[in-house]
4 protein chains.
Amino acid sequence: MAGKRIGIVTGGGDAPGLNAVIRAVVKTAIIGHGAQIIGIADGFDGLFVPGGTRPLTLEDVRGILPRGGTILGTANRGNPFAQKVTAPDGTITVVDRSDQFMRELDALALDALIIVGGDGTLRIALELERKGCRVVGVPKTIDNDVGGTEITFGFDTALNTATEALDKLHTTAESHHRAMVVELMGRDAGFLTLNAGVSGGADVILIPEIPFLFESVCRKVTERASRGSKFSILAVSEGAHPRGEDPVYAKAGDAVYVPRLGGIGAAVADVVGECCKTEARVTVLGHVQRGGGPTPFDRWLATRYGAAAARLAMGSAFGRMVALRNSAIIDLPLAEALAVPKRVDPDGEPVMTARGLGISFGD
Amino acid sequence: MAGKRIGIVTGGGDAPGLNAVIRAVVKTAIIGHGAQIIGIADGFDGLFVPGGTRPLTLEDVRGILPRGGTILGTANRGNPFAQKVTAPDGTITVVDRSDQFMRELDALALDALIIVGGDGTLRIALELERKGCRVVGVPKTIDNDVGGTEITFGFDTALNTATEALDKLHTTAESHHRAMVVELMGRDAGFLTLNAGVSGGADVILIPEIPFLFESVCRKVTERASRGSKFSILAVSEGAHPRGEDPVYAKAGDAVYVPRLGGIGAAVADVVGECCKTEARVTVLGHVQRGGGPTPFDRWLATRYGAAAARLAMGSAFGRMVALRNSAIIDLPLAEALAVPKRVDPDGEPVMTARGLGISFGD
Amino acid sequence: MAGKRIGIVTGGGDAPGLNAVIRAVVKTAIIGHGAQIIGIADGFDGLFVPGGTRPLTLEDVRGILPRGGTILGTANRGNPFAQKVTAPDGTITVVDRSDQFMRELDALALDALIIVGGDGTLRIALELERKGCRVVGVPKTIDNDVGGTEITFGFDTALNTATEALDKLHTTAESHHRAMVVELMGRDAGFLTLNAGVSGGADVILIPEIPFLFESVCRKVTERASRGSKFSILAVSEGAHPRGEDPVYAKAGDAVYVPRLGGIGAAVADVVGECCKTEARVTVLGHVQRGGGPTPFDRWLATRYGAAAARLAMGSAFGRMVALRNSAIIDLPLAEALAVPKRVDPDGEPVMTARGLGISFGD
Amino acid sequence: MAGKRIGIVTGGGDAPGLNAVIRAVVKTAIIGHGAQIIGIADGFDGLFVPGGTRPLTLEDVRGILPRGGTILGTANRGNPFAQKVTAPDGTITVVDRSDQFMRELDALALDALIIVGGDGTLRIALELERKGCRVVGVPKTIDNDVGGTEITFGFDTALNTATEALDKLHTTAESHHRAMVVELMGRDAGFLTLNAGVSGGADVILIPEIPFLFESVCRKVTERASRGSKFSILAVSEGAHPRGEDPVYAKAGDAVYVPRLGGIGAAVADVVGECCKTEARVTVLGHVQRGGGPTPFDRWLATRYGAAAARLAMGSAFGRMVALRNSAIIDLPLAEALAVPKRVDPDGEPVMTARGLGISFGD
């Protein structure tokens with residue numbers, strides 16, 4: 001009897017550990033269950049283009065464990081329920097191509113489809129499941145904003161990259177008496193900035209969950225200077241935002257970001273430089289945070305997720321997402337995992353611990 | 001009213017993150033509670049020697065967050081209940097100096113003593129508590145063998161060091177058609193080797209919890225060679241041990257380790273080299289695994305542990321150990337944490353996952 | 001007989017390895033010659049403020065070898081020949097305080113002054129020498145733009161940081177079909193960008209020495225896309241500049257930098273994104289490139305420089321700069337070293353080699 | 001007219017940067033000259049086995065720049081002039097198969113053969129040239145023992161790995177009052193140990209070029225302890241050797257290595273532990289030093305070597321080796337480069353500098 005056919009797709013923004021998931025799925029399903037694995041290229045796009053799917057063999061996954069990126073490619077825009085189509089005249093329409101997607105999927109005759117992605121991709125997975133697709137979800141995010149799981153792979157690697165940048169700024173800020181701002185990823189969730197800020201010894205941490213006042217930020221920098229610490233390190237989420245009543249913001253509105261270097265990091269550097277009469281510099285790490293080989297933590301977690309997803313697929317347990325709880329791999333209904341997005345609790349222990357160390361959140 | 005006086009001591013083998021704990025205790029207790037912190041040098045030894053204790057100020061902990069080691073020093077042998085004393089003629093006696101220890105401690109007039117250490121040090125903490133000392137425990141181990149907590153700091157850094165070594169051997173083993181053995185720390189618990197082995201793409205993992213057969217190890221290496229993979233990577237815990245009925249061991253006994261390079265890693269390299277007619281080389285990482293600056297994960301965890309321990313000490317919650325459970329910092333009775341030492345479950349999901357990837361445990 | 005008194009000062013922008021120089025000077029001069037070392041704080045500023053100088057002992061330099069920054073502090077603006085003075089009303093005047101500087105220096109009764117700095121600081125050293133100061137120069141720069149020496153410390157560390165960022169972007173660019181721009185340090189000299197670009201596998205390298213055309217840059221990205229490589233990596237010096245006749249530049253002038261994210265990196269990302277109909281993202285590494293512990297190469301070179309400078313100071317060989325030539329430490333007149341600033345040769349072997357690999361310089 | 005046919009082979013021990021050379025040769029020769037490249041697998045062995053050669057395309061070298069190892073494989077024993085042949089009965093004979101080698105080479109109709117290797121491999125290259133083979137040599141060694149060039153690729157990466165290990169031991173040695181010994185590669189040349197020792201802050205450096213006395217080594221460790229530094233770091237080349245008159249050696253002879261952990265590192269740890277009444281531990285880094293991705297320095301140098309070798313091959317300049325002199329890529333006759341092997345000068349500036357810092361060479 002032939003083994004099962006399992007599809008695998010990686011969607012959404014890049015995160016270190018995707019290749020480790022793919023490898024674990026392929027090895028676990030082929031070695032242990034004699035399954036066939038079909039890889040879908042470039043997110044869900046692969047189902048709509050000729051040659052967008054291919055069998056994955058043990059040979060295909062050799063040596064990919066420590067490598068960043070995904071051998072399948074990924075895409076941010078391939079939502080089959082709302083796909084952007086560009087007409088010859090340049091106009092863009094959004095169309096629901098989920099029926100075609102299901103037909104293409106049927107043609108592949110898969111017994112299960114493993115979908116690896118962040119919050120957005122997993123919501124698509126849930127919709128596909130409701131249309132009858134036999135999905136297994138694997139959470140992935142450098143923001144750590146997926147519910148239902150303690151943590152997902154990608155976060156630890158991004159955290160290492162961000163903390164290393166803070167470490168490097170520390171030495172040079174100390175020698176030079178400067179304010180150093182680092183803008184980090186995180187539109188809606190501040191886990192990466194909070195964690196990197198504490199681990200990298202930041203003095204100010206600005207995150208989306210805690211709107212800030214420019215005035216408080218400047219006060220902290222000035223206080224430090226008056227106590228003899230002539231440098232300050234500020235870790236700022238790209239999604240950090242001043243409070244409505246902030247005088248700088250009340251005056252300039254969203255334009256506070258515009259005349260300056262473009263992002264909130266640059267705006268903070270600009271305001272701090274002026275108010276505190278100090279040199280302020282900004283670093284924008286950008287996509288560097290999504291790249292690089294995964295840390296051992298992320299390799300380990302991604303491998304266990306991939307193996308668990310393969311076992312769920314072989315055992316026909318669909319509509320579920322693998323997750324980490326108290327060091328154990330569990331699985332739970334996708335719908336439950338996605339019910340509430342994960343955010344930093346402004347009153348939780350981690351923020352309280354950071355405040356106890358003297359760190360300002362600008363509030 | 002003057003603040004409380006809190007003592008802090010670091011004991012046992014080195015682990016990256018000790019300085020982060022000390023810093024968090026000092027900052028949290030001084031900034032938030034106006035406490036005084038007394039550091040005890042060189043494990044418990046500091047209480048027995050003149051000048052062995054000193055106040056720790058905010059200035060003392062500046063810049064130590066990313067640094068390995070401990071500014072207090074540590075010592076493996078300073079158990080006050082069983083202290084080695086060397087007489088002038090060289091003979092060594094073991095004496096119980098716990099009464100003197102308690103007197104010295106009384107003289108310091110501490111409101112609480114925070115003890116940071118591994119299984120051994122925490123057992124001393126428990127005995128001290130039974131003698132009336134107001135202790136708070138903070139778990140520390142690169143082996144991850146302390147019960148009651150999901151994980152402790154030091155492990156992640158050691159894991160990074162070990163995995164990096166495996167990564168490097170991978171490239172050179174591939175080019176050279178060799179068997180590469182890495183001996184890693186872990187006398188009783190194989191977490192570090194299991195995790196590094198999976199994360200570093202090892203083909204064979206030998207750990208204390210799963211006694212092995214040299215024959216099985218050689219079979220795995222030979223099988224790989226016969227399938228065209230001319231190299232193999234073997235990750236071996238220093239505490240890995242052949243089964244009693246193993247023919248090599250049955251013949252040579254513990255001497256199997258002796259004529260060879262000294263450790264089990266070298267013994268494995270030696271036997272594999274002979275049986276599989278291949279070049280086999282050994283790397284002994286040794287104390288490199290205990291050194292280096294802590295990873296962000298370990299800094300974050302150590303900082304939260306230190307802050308939580310300071311809060312327990314200020315709140316007079318004694319006889320307890322801080323711990324991590326499902327991403328939250330909790331505390332539990334020391335006695336409960338130490339009741340059962342943590343070991344790799346030979347039938348658990350992580351080992352099953354590793355086997356599913358085709359990794360041999362030599363059994 | 002008392003030993004000599006040697007002063008040491010570090011000036012200009014930060015560069016990893018400054019502490020290694022200080023340590024080598026102190027150890028070599030004290031251990032071998034019984035000298036006294038006087039450290040001057042915060043660049044030349046330390047001579048103008050009370051408490052701005054202090055003896056440096058062996059204890060002061062313990063453990064600083066692997067640390068970034070400088071224990072002496074540094075300052076960009078402390079040119080004694082042209083010092084900015086801010087009046088109470090906020091107006092800034094530039095005054096020549098070199099006579100006061102010489103008097104302060106005389107008061108210290110130094111036998112020699114070791115000045116560690118980049119092109120700017122070393123030019124001040126030359127002026128001081130002409131005023132009678134017994135200087136020994138040590139070149140330092142992350143830009144590698146100091147003449148007279150093959151290379152100086154700081155460059156290799158900055159190169160590692162920059163290349164690591166390129167490596168990380170590589171993995172994520174491949175998965176995502178994007179153009180990734182990294183803006184690197186280098187106002188006048190493109191060594192860092194050239195070297196990091198080649199080492200990090202960039203497709204386009206833009207440096208100050210080779211003015212570029214936006215059109216050529218876009219053509220390269222488009223060509224790659226048409227050959228199936230949907231991603232491109234662009235390494236851009238902060239001092240890279242479009243040619244005068246460039247149509248984008250001719251139209252917008254220097255404003256090409258303004259409405260965009262502020263720097264040339266952002267301008268390139270912006271133009272490429274529009275022209276090539278691709279997602280383009282920018283990373284601005286900023287001062288991260290000046291920070292971090294020095295690489296072994298930089299520690300080794302900085303140590304040898306420091307030791308050689310100490311020997312020159314003890315041997316009363318003044319007005320000279322230490323340098324590296326063909327793996328040997330030499331010394332040459334400061335004036336000779338500073339005669340011609342070092343720049344990338346647009347027709348030299350390194351650029352030719354890069355072109356031969358298919359890299360575009362946008363010209 | 002068809003382009004030229006260029007062969008390339010990598011021989012000897014592994015060194016990070018081999019892939020960068022291969023990539024630069026392939027890209028330079030194909031893009032610039034329309035050449036065909038033939039890769040020979042597993043050192044010279046590839047010429048003797050079916051399927052041991054294959055064309056290398058631009059696609060084959062994509063993404064290999066940052067990777068350790070060599071996509072061609074390498075082999076230590078494949079000297080065509082003295083090849084080990086194992087008879088069915090297990091006896092090994094050494095035979096000269098260079099005539100067969102030349103015939104196989106003729107059959108490939110190569111216009112040139114680029115040979116990348118260390119001292120041993122380059123000597124074979126020289127012999128092949130004398131037999132009429134049109135060779136171009138590229139030096140490669142982690143030991144830096146090839147003459148005619150300032151440095152070769154591989155050394156800087158190995159130096160980073162070794163220094164990082166020393167850095168890690170430093171933190172843990174400080175906390176624990178221990179002597180830590182690291183055994184590093186280098187049978188005949190001590191460059192790696194000297195450089196890593198100085199860069200990693202070692203207290204004792206033992207290299208092949210300076211035979212040592214156990215007594216001097218112990219004296220240094222004891223002196224440090226008596227001055228309050230309770231730890232010492234010792235960097236030991238695998239080829240370091242006690243002097244003939246050393247009492248420990250005079251008594252035990254080469255057996256000094258045997259009852260101990262096998263290598264000189266373990267022997268030093270053993271003797272120091274006994275004499276200095278301290279805990280002494282050994283780390284044997286082994287092949288970890290040959291692995292890992294190349295540093296930017298090594299990628300840059302390897303790339304320039306590869307491009308220069310391709311240009312020499314296209315220009316029919318045979319019997320020559322590429323080299324680095326004062327930052328420039330040059331080429332010189334192979335015979336000249338190999339005339340004198342490179343060794344650490346016991347009286348040179350680097351050793352003098354190290355001594356001036358207080359480092360003992362045990363002599």
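**How we know: domains, interfaces and a buried strand**

In chain A, the centres of domain 1 and domain 2, taken over C-alpha atoms, are separated by 34 Å. This is a predicted model, where local features need pLDDT of at least 70, side-chain atom pairs count only at pLDDT 80 or more, and totals for chains, interfaces and linings use all residues. Residues are numbered from 1 along each chain as its sequence is written, and chains are lettered from A and ligands numbered from 1 in the order in which they are written.

Me: What makes chain A divided into domain 1 and domain 2?
Reply: The bounds come from an automatic or database domain assignment. That gives 5–154 + 292–338 for domain 1 and 156–290 + 346–356 for domain 2.

Me: How many residues of domain 1 of chain A are in contact with domain 2 of chain A?
Reply: 14 residues of domain 1 of chain A meet 13 residues of domain 2 of chain A, where contact means C-beta atoms, placed from the backbone, within 7 Å. The domain 1 side has 5 nonpolar, 5 polar and 4 charged residues. For those classes, Ala, Val, Leu, Ile, Met, Phe, Trp, Tyr, Cys and Pro are nonpolar, Asp, Glu, Lys and Arg are charged, and the others, Gly among them, are polar.

Me: What makes up the contact of chain C with chain A?
Reply: Each chain puts in 33 residues. On the chain C side, α4 (155–176) and β12 (280–284) each supply at least two residues, and α4(C) gives the most, with 11. Names like these are DSSP runs numbered from the N terminus: helices are H or I of at least four residues, strands E of at least two. By class, that side of chain C comes to 9 nonpolar, 17 polar and 7 charged residues.

Me: How do you know which chains do not touch?
Reply: Chain A and chain D have no contact, and their nearest C-alpha atoms are 11 Å apart. Chain B and chain C aren't joined by a contact either, with their closest C-alpha atoms 11 Å apart.

Me: Why is the relation of chain B to chain D called a two-fold axis?
Reply: Chain B superposes on chain D by a rotation of 180° with 0.0 Å of shift along the axis, at RMSD 0.0 Å. That is the relation of a two-fold axis. The same surface serves both: 100% of the contact residues of chain B recur in chain D.

Me: Why is strand β9 of chain C called largely enclosed?
Reply: A residue is buried if 20 or more other C-beta atoms lie within 10 Å of its own, exposed if 12 or fewer, and partly exposed in between, with C-beta atoms placed from the backbone. In β9(C) (residues 179–184), 6 of the 6 residues are buried, so the strand is largely enclosed by the rest of the structure.

Me: What covers which face of β9(C)?
Reply: In a regular strand the side chains alternate between the two faces of the sheet. Here A179(C), V181(C) and E183(C) are on one side, M180(C), V182(C) and L184(C) on the other, and all are buried.

Me: How do you know which strands pair with β9(C)?
Reply: Pairing takes at least two DSSP bridges between two strands. β9(C) has 6 bridges to β11(C) (residues 232–237), in the parallel sense, and E183(C) has V236(C) as its bridge partner there. With β12(C) it has 5, also parallel, and A179(C) stands opposite A280(C).

Key
Two residues are in contact if their C-beta atoms, placed from the backbone, lie within 7 Å. Copies are superposed by least squares on the C-alpha atoms of residues with pLDDT of at least 70 in both.
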